Amino acid sequence: MPRNRRLAAAGVTAAAISLLASACTGQSKSGATDDASKDTTITFWHGWNSPNEVKAIQDDVKAFEKAHPNIHVKVVGDINDDKINQAVRAGGSKAPDVVSSFTTNNVGQFCSSKSFVDLDPFLKKDKIDPAATFPKTMNEYTQYKGNRCTLPLLGDAYGLYYNKTAFAKAGIKAPPKTWSEFLTDAKLLTKTKGDSYEQLGFMPTYHGYESTTEHYFGQWSPTYFDANGKSNIAKDPAFAKAFTEQKKLVDGLGGFTKLEKFRSSFGDEWGAKHPFHTGQVAMQLDGEWRLGMTQDAKVKFEVGVAPLPVPDDEAASYGKGYVTGTIVGIPATSTKQNAAWELVKYLTTDTEAVVNFANAIHNVPSTLAALKSPDLKYDPRFKTFLDIAENPASTTTPASPNGGAYLVSIQNLGFDFEKGKRTDLQAGLTKTATEIDKAIEQAK
Amino acid sequence: MSATYTLRSKRRRAALRALAFMSPWLIGFGVFFAYPLISTVYFSFTHYNGIDPPTFTGFKNWSYVFNDYPLFWPALRNTLWLVLVMVTCRVAFGLGIGLLITKIKTGTGLFRTFFYLPYLAPPVAATMAFAFLLNPGTGPVNSILEKIGISGPGWFTDPSWSKPALTLLAVWGIGDLMVIFMAALLDVPREQYEAAELDGASSLQRFRFVTLPNISPIVMFAVVTGIIQTMQYYTQPLVAGKVASGVIGGSGQQFEPGFPDKSTLTLPQLVYTLGFQTFNYGASCVVALVLFVLAMAFTALLMRRRGGLIQAGE
């Protein structure tokens, strides 16, 4: 029955065709030869999709167009990294000239593959010193091995949100500063109900929304790669300590199975039914945006904000945190790179533009000048995140040529360890380090 | 000499005419099958990220996928599990429902509509609805089970139950097979049933010796297309994993398909992840070729059993 064979083959061929469609697109071009002083239209892709965010970025672009009447910007929103990656490979007239991405994890891939142009020549031409313009961590996550192919466009800092009303009821006077205090408080705040919870002190599992491995690990200031670019997770004790501390939380608050069942009852992370809003959990590891969301959701308790706790033996470093953010770059396929640079420069280094945008979407400003600007309007609690972003001990995750694949590998180890599927942590770290090195080698 | 020349010329013209008639198929075959397949084989031996020119790396991608890529074997095991269990369940339930509807006397249209409607639901919406129904914490299914004293499973959050949950979803959307089986069942000659009844055959014997031989080509069709569909299974496990894991998207979140514990990971998801997220086209082509070989092997195996399955119309 050859027809059936063809049917079988056709199914798989579809995958092959899809691969080829991208595989045959050829190399990207680079080089800025356009005249930015002439009348031109550039395309800007961004990922924001909620109405207030879309309006904020459009206002920013309008202000740019007013300052640069010859450059017109076509704005396209709700773009993710997959679309960006495919567009920078496909090129063509509809491909973007400027793109922004929420995932700093992919900067290494953007830079090492040269799909985004190196911005250093542009920065030098305009005499902009990144070290004097952007906070240290933001400078780190926007480049890979000296190739600065992106710039920060607002930042995200992670801290601890806590239910002050629940704290008062439990007799807790201040947010915890060390992980031991944190576990004690989380237990005090936990009220069980049958085989579930009426209120959980904290959801510690790695699927607990922002409680991802890298967000926890920021408090241990780990070194992900050694000087040779090899994975350092089996050698740097910070990783084992962080995994162990998280496992203590999981076991101390009821165990993985019970916690996961409770987690499955949570509402959408980005909606009003978030478990912190509803009072299902009393503490939440989250980014600065949650503050605005709690206000929008009109939560029925007083919200407190603090830095995340630090290891017991590093109490003096309290105040640091994990920092990441939105990045912006110019695809190598763009034929209007000089005009595109004008927009990138405006969005990322114009203090007024950065401050206005930060005010509008409640993110952390991404320049040192904007962080200190008197025009920056914020709830006093928001200052916690500004301090975390500026704290020299705050860390980020380094860029890698295969994007955030190494973080996924670490996270997978975390999933196995927290549920007790893997008990020999050091062996797991060694195996995962090998997996990360092989994946990076394969990507090169 | 002249007669031979004329004959050759006629044959050539006939061959050209045949080729001209075949050309639509030949072009389609070349563009949509031969060229992509050959290219996929070629790219599987190269390092290619879609930007730099491809460089020949020998068996490096093959070695990486089979020896060092931690997701390949779980994805292969899951795909084979789904092919065996999901296809069997779909065919069995499709046939069962088809039989049921052809037997009932009244309300046939209502039942047909009832069983066909779920097939019309878009895969993403259907999967999200199932994830809601089977939510172990708040879902109505586990609430009902609890009321009758049964502690419901974790469904999409439990690696032991995630694939059975996907199978339930597939069986729920059985409408397409039900219609095909109904058409085949209504086509079985009545006189054969009458003859069997006169010979004293029981209903089970009538099904075994009359119905099944008559509809065996349709069973074969359902099995082969079912295998091909399952080999391409992508949307439902991805959406179920995302919903159950709580990772819908957002800053700093990395979602690796397969939640929970790689139990819903399938080979097509790897083709996409490797090819369009990490831009490791070489390794992605290796996985695509594994899928191709598996599909061919399953189909060839079934074709060898064809004599035993297909009797009607031969």
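Among contacts in chain B between residues at least 6 apart in sequence, 68% join residues at least 24 apart. Contact here means heavy atoms within 4.5 Å. The model is predicted: local features need pLDDT of at least 70, side-chain atom pairs count only at pLDDT 80 or more, and totals for chains, interfaces and linings use all residues. Residues are numbered from 1 along each chain as its sequence is written, chains are lettered from A and ligands numbered from 1 in the order in which they are written, and side-chain values use heavy atoms, with hydrogens and water left out.

Chain B holds 14 helices and two strands. Helices (H or I, at least four residues) and strands (E, at least two) are DSSP runs, numbered from the N terminus. The radius of gyration of chain B is 25 Å, whereas a compact globule of 314 residues would have a value near 20 Å. This radius is taken over C-alpha atoms, and the globule rule is 2.2 Å times the number of residues to the power 0.38. Along the principal axes, the C-alpha atoms of chain B fill a box of roughly 90 × 70 × 30 Å. Of the 314 residues in chain B, 47% are buried. Buried means under 20% relative accessible area, exposed over 50%, and partly exposed in between (1.4 Å probe, protein chains only). The accessible surface of chain B is about 16000 Å², and 68% of it belongs to carbon and sulfur atoms. Accessible areas come from the Shrake-Rupley method with a 1.4 Å probe; for residues, only the protein chains shown count as cover.

In chain A, strand E1 (residues 40-45) is mostly covered, with five of its six residues buried. Strand E1(A) runs parallel to strand E2 (residues 71-76) of chain A, and six bridges join them. Two strands pair if DSSP finds at least two bridges between them. Trp45(A) stands opposite Val76(A) in E2(A). Strand E1(A) also runs parallel to strand E3 (residues 98-101) of chain A, through two bridges. There, Phe44(A) stands opposite Val98(A). Together with helix H2 (residues 51-67) of chain A, E1(A) and E2(A) make a right-handed β-α-β unit. Right-handed means that, with the strands pointing away from the viewer, the path from the first strand over the helix to the second runs clockwise.

The largest nonpolar core has 124 residues. Such a core is a set of buried Ala, Val, Leu, Ile, Met, Phe, Trp, Tyr and Cys residues joined through side-chain atoms within 4.5 Å. Phe202(A), Phe243(A), Met283(A), Trp341(A), Val364(A) and Ile410(A) touch the most other members. Strand E4 (residues 150-163) of chain A gives the most to this core, with eight residues. Apart from this core lies another of 51 residues, including Trp62(B), Leu76(B), Val223(B) and Leu274(B). Beyond its neighbours within four places in sequence, Val364(A) has contacts that include Met138(A), Leu154(A), Phe382(A) and Leu386(A).

Some backbone details stand out. A cis peptide bond joins Phe259(B) and Pro260(B), with omega about -5 degrees. Pro260(B) lies in the loop between helix H11 (235-245) and helix H12 (267-277) of chain B. Lys114(A) is not a glycine, yet has a positive phi of about 60 degrees. Lys114(A) sits in the loop between helix H4 (107-112) and helix H5 (120-125) of chain A. Lys114(A) counts as exposed because its relative accessibility is 56%. Tyr209(A), also not a glycine, has a positive phi near 55 degrees. Tyr209(A) is in the loop between strand E6 (196-202) and helix H10 (213-217) of chain A. At 8% relative accessibility, Tyr209(A) counts as buried.
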